[in-house]
Each structure stands twice: as C-alpha cells, then as structure tokens.
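The sequence and structure come first.

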Amino acid sequence: MADGSVAEVKDALAQAGYLADESAALVSFLAQRLGKPVLVEGPAGVGKTELAKALSRATDRQLVRLQCYEGLDEAKALYEWNYRKQLLRIQAGGEDCWEDVHGDIFDKEFLLERPLMQAIASPEPVVLLIDEIDKTDQEFEAMLLELLSDFQITIPELGQVSATTMPIVVLTSNNSRELTEALKRRCLYLWLDYPGLEREMEIVRLHTPELPEALARRLVEVVEMIRALDLKKPPSIAESIDWARTLLLMGAEDIDRKTFEQSMSIIVKHRTDIDLVAERVGVKLAEPVRPQG
Amino acid sequence: MPSPYGPKAEAGPPGLAAKLLGFCEELRSEGVAVGTSEILDAFAALEQVPWTSQDDFREALAATIAKSQEDRRLFELLFERWFFRSAEAAAIERGIDETAQRQAGGDRLDIDELREQVRQAIIEGNEGEMRDLARLAIAAFGRQGEGSGVVGVDVQRIRRTLGLSAGTQAPAEDSAAEQVPIDRDQLNRFERHLRRELERDLIERTSTLPPSRPLAELDRALPTNPTQDLAAVHRAVSQMKRRLATLGHEQRGRRRGQSIDVRRTMRASLETGGVPMHLRYRPKRPRRPEIYVLCDVSTSVTSASVFFLSVLHALHDSFRKLRSFVFIERISEVTDVFEHERDFRVIAKRISSEGGVADVSGYTDYGRVWLEFLGQISDELDPRSTVIVLGDARTNGREPHADVFAQVSERAGRLFWLNPEPKLYWNYGDSVMAAYERYCDGAFECWTTRHLENFVNVVAGGVPAAD
C-alpha cells in the first residue's frame with residue numbers, strides 16, 4: 001500500500017473491502033508512519049477486528065492474530081520451551097557432558113513460537129492483531145509493554161529478540177475494563193462507533209452489490225431505528241450485511257412487516273430484545289401488500 | 001486560571017508549539033491525563049499530516065492525546081474553544097477587522113433568498129457555506145440595534161427570523177414545493193456557527209476576549225438524563241461485574257490468605273512418616289455475588305435518584321443474585337419490576353407509582369428503614385452477601401438507629417455506602433453520615449460515573465483512582 005497520504009491509505013483500505021471514515025484512515029496512516037500500535041475501542045460489531053484484517057490485505061502483510069481471553073498467559077502468547085523435545089535431546093545425548101546439553105536445549109530449535117513471538121521474529125513485516133485485550137488481566141497488559149514500545153521480547157535463556165521489521169500492531173478492546181494508563185500511553189487511540197446512515201449504506205452496498213439501492217436504504221434506516229432502542233445487543237455492521245444477504249435470498253422487494261418478522265432473528269438475538277423490537281419497530285413498517293384477487 | 005484575559009497580556013510566546021502546549025495544559029486542568037510522551041507523539045504525528053486541513057489536524061491530535069471516549073469528548077469541547085480563542089486573540093493583536101467587508105454584502109440580500117440558501121446549506125451539511133451564511137444572517141438581522149448583547153438570545157432570534165425549526169417543518173403556504181425537513185442535529189450545527197460568529201462579532205466590537213472558564217462541572221458530570229448516560233453507567237457496572245467475578249481467579253495459585261486443612265495435611269504426612277512435608281490447603285470457595293441494594297428515592301436526592309435508578313438498572317442486567325429495594329419512609333422491594341421491565345422510563349414510572357414507599361410526610365426515615373430491612377430479610381443475610389446503600393444519610397432529624405444499622409452490617413459480609421453528595425457536605429445539617437460510616441466497609445461519594453468507576457475499583461481491590 002502506498003502510504004503517501006491519508007487519502008491513499010483510505011483508498012487502499014477501500015480496495016481491501018473496508019470503508020474507513022476519516023479518523024480510521026488517519027490513524028492507520030499515522031500507525032504506519034510513526035510505527036506506533038493502535039488501540040481501537042468501540043461497541044461490539046463496528047468493525048474493529050475487520051480494520052486489522054483490511055490493513056493486512058491492503059499492505060500485503062501476513063496477519064498474526066492473538067485472541068485474548070481470561071487466563072491467557074505468556075506460554076500461550078509469547079513462547080514456550082518445547083520440553084518434550086528437550087527431554088528427548090537429553091535422553092538421546094546419553095554420555096554428553098552437562099555443559100553441552102545445557103547449551104543445546106535452550107536453543108531456538110526448542111522454542112515454540114506463539115503469536116507475539118511470531119510477529120516479532122518474522123522476517124517479513126506483518127500486521128499483529130491483539131484482539132479483545134480487555135479480556136485479559138492487568139499482568140498480561142504489563143507484559144505487553146516491552147513489546148509495544150520497543151518491539152522486542154526478552155527470553156532469559158536466549159537474550160533479547162528484537163523485531164527486524166516494524167509490525168503494524170492493532171489492539172482492540174470492547175471497553176469492558178479500563179485499560180492501564182501505561183498501555184494507553186504507548187498507543188494511538190481510535191474510537192470506532194456505529195457508522196452514519198450514508199456510510200453504513202455504502203458498506204452494505206459494497207458487500208452486497210446486487211441489492212437494490214432503495215432496499216439498502218430502507219434496511220439501513222431500520223437498523224438505525226433498532227440501534228436507537230435500548231437493547232442488550234444492538235445489531236452490528238456484520239449483521240446488517242448478513243441481513244442484506246438474507247433479504248437477497250428471500251427475494252424481498254421491500255421491508256414490510258412480514259419480511260421483517262421473518263428475518264428479524266438475523267439482527268436481533270436476545271429474547272427480550274426481540275419482543276422490544278417487534279413492538280417498537282415492527283409496527284412502524286407497512287403491512288404487506290396483498291396480491292389482488 | 002480563570003482570570004479575565006486582556007488582549008495583550010495573553011499573547012504568550014508566538015508559534016504553534018506554544019499554542020499546542022497551552023492547549024495540553026488546558027486539557028490537564030480539565031482532568032485529562034496528558035503526559036509528556038503524549039505531547040511528543042502529538043508533535044511527531046503533526047509532522048505527518050497537512051496542517052491546513054482542520055479535520056486531519058484535529059484527528060491527529062486526538063489520536064495521540066485523547067485516550068478514551070470520555071477524554072475525546074472533553075478534547076472536542078476544548079479544541080473548539082481553545083483554537084477559536086487563539087485565533088481571535090491573534091486577530092485582536094494584529095488589528096484585523098472584518099466588519100467593513102461584511103456589511104458591504106449584508107443588506108442587499110433578500111430575506112427569502114437567504115432563508116432558502118441557509119436551508120440548502122443545512123441540508124447539504126456544507127460547513128463552510130453555513131459559516132458564510134451565518135455571517136450574512138447576522139449582518140442582515142443582527143445589526144438592528146446591535147442585538148441583545150446576549151449571544152444565546154440572538155441565536156434564537158435569528159433562527160426564528162429565518163423560520164428554521166427542526167422536524168416537521170410547516171412549509172410556508174405559498175411555496176408549493178415540498179421541503180425536506182431539517183433534523184435537530186443539522187439545525188444544531190447551524191446554530192453553532194451562528195453562535196460562533198456572534199461571539200466573533202462581539203470580540204471584534206469590544207476587542208477583548210471574554211474570560212475563559214473551566215468547563216462547567218455539569219457539562220461533564222451527573223447524568224440527569226437517563227437515556228443519555230445510561231450507557232456510561234452500564235459500562236461501569238459491567239466492569240464491576242467482571243471484577244467481582246474475577247476476584248477469585250486473581251488469587252488462584254498464589255496461596256494468598258489460604259488456610260491449612262489440618263486433617264488432610266496430617267493424612268498426607270503419613271507418606272513421609274508423620275512429618276508434614278506437603279501442606280494441604282482448604283479449597284477457596286468463590287464469593288457468590290449476592291447483592292442487596294437499597295436506594296433512597298426521596299426528594300432530597302431527586303437529582304441523584306435518576307442516576308441511582310440507572311445504576312440499579314445496570315446492576316440488574318449484570319447480576320443474577322441481586323435484590324433491590326427502594327425507600328423513603330418505608331422500604332419496598334422492587335426486584336420484580338427490574339426483572340420484568342427493560343425500558344428504563346417505564347421502570348422509573350412504575351417505581352414512583354407503585355413503590356408505596358412514602359407514608360405520610362415524604363421525608364426519609366433511615367431508622368425505620370433499617371428496622372424494616374432487618375425484619376424482612378435478616379434471615380437471608382449471610383457473610384457472603386454484599387449490601388450497597390445509595391442515599392444521602394439525611395434523616396430529617398429523626399432517630400438514625402445506628403445500632404440497627406450496625407446489626408445489618410454485622411450480618412452482611414460487606415456493606416458499602418454510596419452518597420450522592422460531595423464529601424464536603426457530609427455531616428452538615430441533618431446528615432448523619434458519620435454515624436453510619438463507621439459500620440461500613442467503605443463509604444464513597446458518588447455523583448458521577450467516574451465516582452462509580454472509582455467505587456468499582458475499590459470494591460475489586462484496586463487502588464482508588466486519583467480525583
């Protein structure tokens with residue numbers, strides 16, 4: 001991807017199937033120029049993860065993904081010694097003196113690379129996605145600090161492993177927990193929110209070009225109406241796209257009450273939400289036109 | 001900081017760097033944590049983007065300086081103000097006066113034509129156009145009698161003269177063409193331009209800058225509008241849920257505060273000939289988050305009770321074992337209401353209509369509330385339960401019954417008090433906070449979502465965030 005200007009970054013992202021708004025394009029641009037990690041926050045389903053994927057497509061870099069979860073530790077994120085292989089080495093060595101074996105078994109050969117290590121050690125530049133960082137605990141965040149500011153990892157037995165190429169790092173968070181100041185300080189911050197009407201329509205049209213424009217507009221309006229309600233889980237962008245595809249399959253020509261009730265489960269996925277949406281939005285839609293005769 | 005700025009005194013060192021530093025200083029004074037590394041990043045980022053585009057400039061600054069949504073909101077508020085003021089200060093300094101040019105085009109304009117142009121610009125969302133038209137409109141109408149001098153009044157006057165209103169616009173009878181209705185946001189944007197230009201006008205005429213004030217606390221504090229900040233409360237509460245839920249996990253594997261299971265240790269010691277080589281620990285039982293929330297809904301906490309109810313509302317979304325009570329003179333359980341109703345407004349209405357908590361006077365009677373609470377559910381309180389009281393501890397001179405409160409505190413595992421008043425006002429007047437506070441595991445002032453987050457932090461065993 002040519003990273004000459006913000007507009008070029010935006011175009012490249014669009015070609016990779018991601019319509020970035022001004023701030024997303026600018027922050028992606030800055031991330032590449034300044035070599036700083038990006039912390040992306042926002043409600044679920046606004047395309048935080050997708051941004052990282054699009055960046056990797058647009059820059060032709062491999063995507064290395066670390067999905068965070070409660071209880072994730074260094075062994076699963078950074079590296080682990082392959083102790084089975086080490087044991088085999090010791091057994092196979094038989095009569096070797098201890099010094100030799102000791103030097104041997106703590107070698108790159110016995111290292112199992114986990115995503116973070118992989119991203120650092122990769123000879124090609126990569127895009128590193130650390131997804132849902134808020135799911136981990138603070139200790140893990142602290143461990144990330146070295147990686148994020150210096151792009152290096154210290155292994156006691158081997159020494160430092162520094163990145164040979166600068167990875168683009170994207171961290172996403174659903175804001176379920178306040179991240180530490182230290183982590184935020186090292187990142188550029190990007191808040192992604194639900195897109196406006198026009199932009200969401202462009203997104204839907206980009207992914208389902210066959211959908212008639214009028215129907216797409218209607219769909220986006222209805223989704224916006226639903227998001228305005230106080231729901232447990234408001235529909236995400238991905239769900240709007242799914243809905244658009246469903247409507248295509250159903251061969252619907254307009255979103256009337258009947259089509260809406262049939263396909264509502266694509267975008268609303270909570271029992272209580274379904275009732276609320278049916279009650280508030282369903283009634284606003286037109287009755288289906290009955291065939292004459 | 002809020003000293004009136006004179007036109008010359010506030011010039012400061014020239015150049016953008018100084019202005020930016022001043023801006024960061026202002027952000028800090030509003031409580032945004034801007035570190036030196038952030039400022040360095042901001043300068044590095046500015047090297048990469050063209051300064052001539054306001055959007056790029058602002059986004060680059062925001063991405064490097066404002067690191068949360070809340071910070072971002074403050075950033076937006078201050079950015080507008082700071083750079084507007086800076087530009088105006090520079091204009092005064094250099095004696096730039098645009099009044100003359102402006103009036104040249106002013107009066108020749110036909111009002112109807114102007115109205116149509118303004119509508120067009122608003123609908124298209126063209127910021128530059130709106131700004132120019134706002135100037136024209138001020139020149140056309142604002143000049144007569146120099147306006148009222150109060151910016152807000154002038155904005156509304158001009159808006160009315162232009163016949164602009166949000167929503168279903170009643171079209172003038174003679175214009176047959178159907179008009180696209182303007183929505184509130186779009187109109188607000190135009191009003192903002194009007195306001196800005198009127199302020200500019202005022203500064204030009206008096207050639208002084210009005211004093212800069214810190215943002216009103218209300219601008220950023222108490223969510224009085226339930227739907228507006230409900231999301232923020234929900235976020236804090238879901239954090240709380242996560243923290244309470246992970247409390248046990250944090251201690252796992254660290255043997256923190258574990259007790260030795262003597263029987264199993266002795267049993268294990270048989271292997272080593274009676275020498276207890278391997279200690280056996282009692283397994284830790286995770287705390288069941290069983291929560292009782294008591295919420296004051298009397299008139300003395302009216303402004304806060306909306307906030308409290310939204311806290312309750314959010315708590316109910318997050319915890320299964322939660323029982324909630326509201327009280328004024330008597331106590332009434334409202335767990336059912338919250339469980340069966342999702343819409344916040346309906347809940348608020350149902351509680352005020354069927355809570356049945358006001359008896360005669362409508363003044364809070366804390367003493368009686370404790371007695372009733374203890375009578376109703378004392379059997380169910382156990383050391384694993386947490387009681388949270390939301391109230392101002394103003395007894396209206398009645399018997400506080402702190403001893404009964406002490407009993408509640410004794411039976412419950414933990415007891416927290418959230419007071420909607422600033423700590424300064426505690427124990428003044430009829431507030432008996434001190435009497436209750438010593439029986440609480442923690443008493444917190446809580447009138448913003450930030451306080452709520454702080455409370456969550458402390459409950460979860462973290463350090464209280466600095467205010």
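## Helix 8 and the sheet of chain A

Helix 8 (residues 138-150) of chain A lies across strand 2, strand 5 and strand 8 (168-173) of chain A, and runs at about 160° to strand 8 of chain A. Helices (H or I, at least four residues) and strands (E, at least two) are DSSP runs numbered from the N terminus. Axes are lines fitted to C-alpha atoms, for helices over the stretch in contact (heavy atoms within 4.5 Å), and angles run from 0 to 180 degrees between N-to-C directions. This is a predicted model, in which local features need pLDDT of at least 70 and side-chain atom pairs count only at pLDDT 80 or more, while totals for chains, interfaces and linings use all residues. Residues are numbered from 1 along each chain as its sequence is written, chains are lettered from A and ligands numbered from 1 in the order in which they are written, and side-chain values use heavy atoms, without hydrogens and water.

In chain A, 5 strands form an open sheet with parallel pairing and the order 2-5-8-1-9. Strand 2 (62-67) and strand 9 (188-191) of chain A are at the edges with a single partner strand each, so one side of each has no neighbour in the sheet. From one strand to the next, the twist averages 20°. Strand 2 of chain A pairs with strand 5 (residues 126-131) of chain A in the parallel sense over 6 bridges; two strands pair if DSSP finds at least two bridges between them. Gln62(A) has Val126(A), in strand 5 of chain A, as its bridge partner.

Helix 2 (residues 22-34) of chain A has 13 residues, which should span 18 Å at 1.5 Å a residue, and its end C-alpha atoms are 18 Å apart, in agreement. The expected span is 1.5 Å times one less than the number of residues. Because 10 of the 13 residues are buried, helix 2 of chain A is largely enclosed by the rest of the structure. Buried means under 20% relative accessible area, exposed over 50%, and partly exposed in between (1.4 Å probe, protein chains only). Among the buried residues of this helix are Leu26(A), Val27(A), Phe29(A) and Leu30(A). Gly35(A) follows helix 2 of chain A, with a positive phi near 65°.

Helix 12 (residues 237-250) of chain A has 14 residues and reaches 20 Å from its first C-alpha to its last, close to the 20 Å expected at 1.5 Å a residue. Its buried residues include Ile237(A), Ile241(A), Trp243(A) and Leu247(A). The buried residues of helix 12 pack against helix 10 (197-207), helix 11 (213-228) and helix 13 (257-263) of chain A. Just after helix 12 of chain A, Gly251(A) takes a positive phi of about 70°.

## Chain B

Chain B has 19 helices and 6 strands. Of its 467 residues, 44% count as buried. Among contacts in chain B between residues at least 6 apart in sequence, 74% join residues at least 24 apart.

The open sheet of chain B has 6 strands in the order 3-2-1-4-5-6, with mixed pairing. Strand 3 (331-333) and strand 6 (442-445) of chain B stand at the edges; each has a single partner strand, so one side of each is left without a neighbour in the sheet. Strand 4 (residues 385-390) and strand 5 (residues 414-419) of chain B pair in the parallel sense over 5 bridges. Phe416(B), in strand 5 of chain B, is the bridge partner of Ile388(B).
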